[in-house]
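Here is a friendly briefing on one protein model, arranged by topic. Please have a look at the sequence and structure first.

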Amino acid sequence: MSVRRTKVAIIGSGPAGLMLGHLLRAEGIDCLILERQDREYVESRIRAGVLETTTTDLMHRLGIDARMDSEGLIEDGFNLADGDQLVRIDIKALTGKHVTVYGQTELTRDLIAAAPERDLEIVFQAGDLKLHDVDSARPSVTFVKDGLAQTIEADFIAGCDGFHGPSRRAIPASLAREYTQEYPFGWLGILADVPPCHDELIYANGPRGFALASMRSPTRSRYYIQVPRGEKLEDWPEARLWDELDGRFNPLSNHGVTRGPALEMSIAPLRSYVFETMRHGRLFLAGDAAHIVPPTGAKGLNLAASDIAYLSDALIGYYGRNDDSGLLHYQERALSRIWKAERFSWTLTRLMHSFPGQSPFERRMQIAELDYLAQSMAMQTAIAENYVGLPL
Ligand code: RFL
Ligand code: PHB
């Protein structure tokens, strides 16, 4: 058994863990990242696509921004549709801000590639990871790497291990409160090297349910459609999905849907979830480890980034100025932003999806809300300011 010591042991090399590791190393604070998967797996996961300025600002602060700045697409607006009418939300005019389309996959690759030159150690394939004594002054993490049992003793543990990781479970249930909302559908996504059907994102709520036209670049498209919960990928040959996307987006888009072979297809369930508390002793949770939003508001990765903005400030204050106020207020600051993002994602999910058993009256309510939105600058502004991200 080998034993090492560090200041902050970070569990998980998703965006939350990687950003935290880089921010701490930039201040000379000892830390390391323990990741269950191998590097190739982490670098090929297809997930989020839309970054708020809170997230791009962090990447700029780190100076890991060259590819994001050259390849990211600045989006000044996006569209909501109720079947046959596009309502453009002019986020630039309404908020003075924009969002950036740059895949989580690319952001993760950039953060991993920059790790060696910045002396940030990432241990991939750290198996059977366990947290110990998190509410004591000497917390530790054990794991197995290449058949060898290892212990990391740390001042603090950052649980950045996503929804299924072990960190959240290291907090006794009696000290926490869980809030959950499951939705009766998931999103079936497809990534393909074909030009996007429209220059900006379209979120559509048609008679056949929700669909999203998104992109990764001028030559790479990302589409999603709503499918019932429990639907199997085998039920969706590519041609069936393209037929469905044609039907949804050809009438709405500038360029029409171009078909191409799938680089990836997957189904993700939709849920809202918040775990209160985000701190137990010397363990701090951040990102999907503590909360999940349905992807409708494009908030998951961005919330992980804002948690890390608060948590890194707190740790830097602790080590740099012997000031523990940031650590004491971490959860309160993070949760205030999280709940507002939960509210926005839930509202947009309810507005834009077909719910099984939805009454004709409820459908008319959705249409009326989209119709009202089309005419109301006040409502468009409220949507735009949430979409670009509320201030930290
Ligand atoms: P992650 O990315 O899940 O990373 C957690 C890491 O922890 C590792 N891990 C462990 N490591 C060691 N030991 C263990 N026992 C471990 N268990 C787990 C995992 O392998 C992994 O590497 O969490 P993080 O860093 O908090 O980041 C959160 C984001 O990934 C997530 O919120 C977003 O992807 C959500 N999301 C979107 N967010 C946006 O902001 N904008 C979007 O447009 C957007 N679109 C999406 C999305 C998520 C989707 N899916 C598939 C859930 C679209 C989709 C389809
Ligand atoms: C994506 O491009 O993957 C994407 C975009 C917007 C969302 C969710 C996902 O709201």
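Which helix gives the most to the lining of the largest cavity? Helix 9 (residues 325–352) does, with 4 residues. You are looking at a predicted model, in which local features need pLDDT of at least 70, side-chain atom pairs count only at pLDDT 80 or more, and totals for chains, interfaces and linings use all residues. Residues are numbered from 1 along each chain as its sequence is written, chains are lettered from A and ligands numbered from 1 in the order in which they are written, and side-chain values use heavy atoms, with hydrogens and water left out. Helices (H or I, at least four residues) and strands (E, at least two) are DSSP runs, numbered from the N terminus.

**Cavities**

- Searching the whole structure turns up 2 cavities of 30 Å³ or more.
- On a 1 Å grid over the protein atoms alone, a cavity is a set of points where a 1.4 Å probe fits but cannot get out, and lining residues have an atom within 4 Å of a point.
- Grid points are joined across faces, edges and corners, and a volume is the space filled by probe spheres set on the points.
- The largest cavity holds about 60 Å³ of space, and its lining is made by E52, K299, L303, R337, K340, A341, F344, N386, G389 and L390.
- By class, that lining has 4 nonpolar, 2 polar and 4 charged residues, where Ala, Val, Leu, Ile, Met, Phe, Trp, Tyr, Cys and Pro count as nonpolar, Asp, Glu, Lys and Arg as charged, and the others, Gly among them, as polar.
- The second largest cavity has a volume of about 50 Å³ and is lined by G14, P15, V42, R45, R47, Q104, T105 and T108.
- Helix 6 (residues 104–113) gives the most to the lining of the second largest cavity, with 3 residues.
- The lining of the second largest cavity comprises 2 nonpolar, 4 polar and 2 charged residues.

- Strand 14 (residues 209–217) and strand 15 (residues 220–228) run antiparallel and are joined by 6 bridges; S214 has R222 in strand 15 as its bridge partner.
- Strand 12 and strand 16 are paired antiparallel over 13 bridges, and E182 stands opposite R271 in strand 16.
- Strand 16 is also joined to strand 19 by 2 bridges, again running antiparallel, and V274 has H291 in strand 19 as its bridge partner.

- Strand 4 and strand 7 (residues 99–101) run antiparallel with 3 bridges between them, and the bridge partner of E75 is V99 in strand 7.

**Helix contacts**

- Helix 10 (residues 360–375) and helix 11 (residues 377–387) have axes that come within 6 Å and cross at roughly 100 degrees.
- Helix 10 is therefore roughly perpendicular to helix 11, a label for angles of 65 to 115 degrees, with under 35 counting as roughly parallel, over 145 as roughly antiparallel and the rest as oblique.
- Their contact (heavy atoms within 4.5 Å) involves E369, Y372, L373, A374 and Q375 of helix 10 and M377, M379, Q380 and I383 of helix 11.
- By class, the contact of helix 10 with helix 11 has 6 nonpolar, 2 polar and 1 charged residues.
- Helix 9 and helix 10 have axes that come within 9 Å and cross at roughly 115 degrees, which makes helix 9 roughly perpendicular to helix 10.
- R350, L351 and M352 of helix 9 meet Q366, E369 and L370 of helix 10, a contact with 3 nonpolar, 1 polar and 2 charged residues.

Definitions and conventions. On a 1 Å grid over the protein atoms alone, a cavity is a set of points where a 1.4 Å probe fits but cannot get out, and a pocket is an open set with protein on both sides within 12 Å along at least five of seven lines; lining residues have an atom within 4 Å of a point. Two strands pair if DSSP finds at least two bridges between them. Axes are lines fitted to C-alpha atoms, for helices over the stretch in contact, and angles run from 0 to 180 degrees between N-to-C directions.
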